[in-house]
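Dear colleague,

Please find below the structure that I am handing over to you, with its sequence. My notes on it follow.

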Amino acid sequence: MPDKAVYEKMVNEAVGAARSVYGVIKEKRGGTFKLTDAKPYVDAAASMKPGPGQSKEIFDLHVESVKAHYDILVGLTDTIRPEDDPFVEHYQTPPILEILYDVDPAFKASMWKFIDAIAANKALIGREAARRYGGMYGPTCVVDFAMSVGSTSNVVNQILRTLDIPADHKKTILAAKSWGMNTSYGIGAAFRGAVEAGKSLAEAEQAEVEMLQFVYREPVAAQAHLMDTHNLGGHGPHTSFDTRKYMAQYKERIKPFVLAALNAKVHPANIVVVPAYCVGDVGHHIAQSAYNMFKDDMAFGIYEAVLDVFENTMKKGLELDAYKSEWDVLTVATGAPAAATAYILWLDSFTVPMVIDLFTKRFYNYAAMNPKRGEADELHNVDFMDILLRGESILDIAPIGGGAKIKGIPLDFGPIDNHPVVSNPQRYTYPACAITQRFAALMSLADFPCYLTPECVTATLSTNCIAFHPEVPGAPVRGCKQCAATTLVKRNVPYVKGVGKGNKGYCQWDVAV
């Protein structure tokens, strides 16, 4: 078990990352984004250091990736338009996979067997794509970092389970499409595009197989192709910078650290994931889209108040000696702001079941009205519902919930109750009827909840946790994440009737490779 000094280091690094992003947004919201705005986050990441018992190589993968990402982008462009910013986290794993292909022939051979297995499992691929296209699974997170129903990781795991390749290779392939984001592709997109272009279902199934194979056979070329053809908001393709130049430069910058990690016996599953998730605050969370969203004082006030609850709870955990493992720090870091978010929902007399019901009903109508919808359209709504469900489970009275405690740490919602904006909604609408303003702002954040349980915090602490056991794959999550959607859509139970069901319904967490 790490000593208290390491826990304090972890808390300081997580709070430092979160505050660096918050500070930029507070100063710049409503303004014009420039890439150099993100330098405070880069500096915060660069200050991360391994503590006793932690792998230097894991920290190098994180820190050097952030630095390379920033330097390369600044060399290629001054800014990134909103339509291109969601993809900035997807240019790291493809070059790293290709490095592994070059230096590890055995892994490459296994990957090529997996690529062949995609074609051999055409019926499975077509079935999963069709289920997503028709909305059978309800709201899903196509790029989930766990094994949830309808996610790409779920389908990849189904193929890998019976494949005759080394277990460590299976784990690396699986990790590369979870927290490691091998391209921007989500399962079902090629199938949907073909069907909506008037192709037959057989042609659509073949298109899906070929796209998935492309993503793994030539990940860099596949990502460049996806950016050449994206049409987000009707404003495609990608124009903010040369994506091929970015990936070529990134491959050269990160290669020494990949090789050092391999020499240090870091599991390749960690090598394909650690450098990716940490870069998103440069050009995505610190970005024009964020500056625009946070023009709204109530949305920014919620972000600010929730962040204060997060920081206070993390520090209170140190005072109470509440952390008994490195994972406890991560649990509190994500749980405290989730509870704070649910508390704000309650302030406007909404409950979490109301929100899940609303979003699930909206999903089915959205699916009917928008058959050409993007595979990722509802993924952040799913994240938002999951945050709220977890938050309410912490907030609710014992024994129903945690009694507003997490790991024995009492939650103090004073930063919310005393926030000059959040506690005074009457100043932001018709004053005598101000009963929906906080909920309205939460609905804005429902499409971009990365600030409620900050991704930079999760990335910082995940790196810290993985660094204690670099030989053990840290992703995807091999456990039930209690998906909020399953409170209404029972896709996760053994009583489902469809092909591919298991002990957890259509979920795969209990049989992860």
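Which backbone oxygen does the side chain of Asn270 reach? The side chain reaches the backbone oxygen of Pro470 at 2.8 Å, which falls under the definition of a polar contact (N or O atoms within 3.5 Å; within protein, one must be able to donate a hydrogen and the other to accept it, and residues adjacent in sequence count only if both atoms are side-chain atoms).

The model is predicted: local features need pLDDT of at least 70, side-chain atom pairs count only at pLDDT 80 or more, and totals for chains, interfaces and linings use all residues. Residues are numbered from 1 along each chain as its sequence is written, and side-chain values use heavy atoms, with hydrogens and water left out.

Asn270 is found in helix H13 (residues 268-271); helices (H or I, at least four residues) and strands (E, at least two) are DSSP runs, numbered from the N terminus. With a relative accessible area of 0%, Asn270 is buried (buried means under 20%, exposed over 50%, partly exposed in between; 1.4 Å probe, protein chains only). Although Asn270 and Pro470 are 200 residues apart in sequence, their C-alpha atoms are 7.1 Å apart in space. Leaving aside residues up to four places away in sequence, Asn270 touches, among others, Ile58, Leu61, Ile466, His469 and Pro470, contact meaning heavy atoms within 4.5 Å.

The axes of helix H3 (residues 56-76) and helix H22 (residues 455-468) come within 8 Å and cross at roughly 160 degrees. Axes are lines fitted to C-alpha atoms, for helices over the stretch in contact, and angles run from 0 to 180 degrees between N-to-C directions. H3 and H22 are therefore roughly antiparallel (over 145 degrees; under 35 is roughly parallel, 65 to 115 roughly perpendicular, the rest oblique).

An enclosed helix

Helix H7 (residues 152-161) is largely enclosed by the rest of the structure, because nine of its ten residues are buried. Among the elements covering the buried residues of H7 are helix H5 (105-120) and helix H10 (201-217).

Backbone geometry

Most residues other than glycine have a negative phi, and most peptide bonds are trans. A cis peptide bond joins Gly236 and Pro237, with omega about 0 degrees; Pro237 is found in the loop between helix H11 (219-229) and helix H12 (243-263). The bond from Ala475 to Pro476 is also cis, with omega near -5 degrees, and Pro476 lies in the segment after H22. Ala404 has a positive phi of about 60 degrees and counts as buried at 18% relative accessibility. Lys407, with phi near 50 degrees, is partly exposed at 43%.

With kind regards
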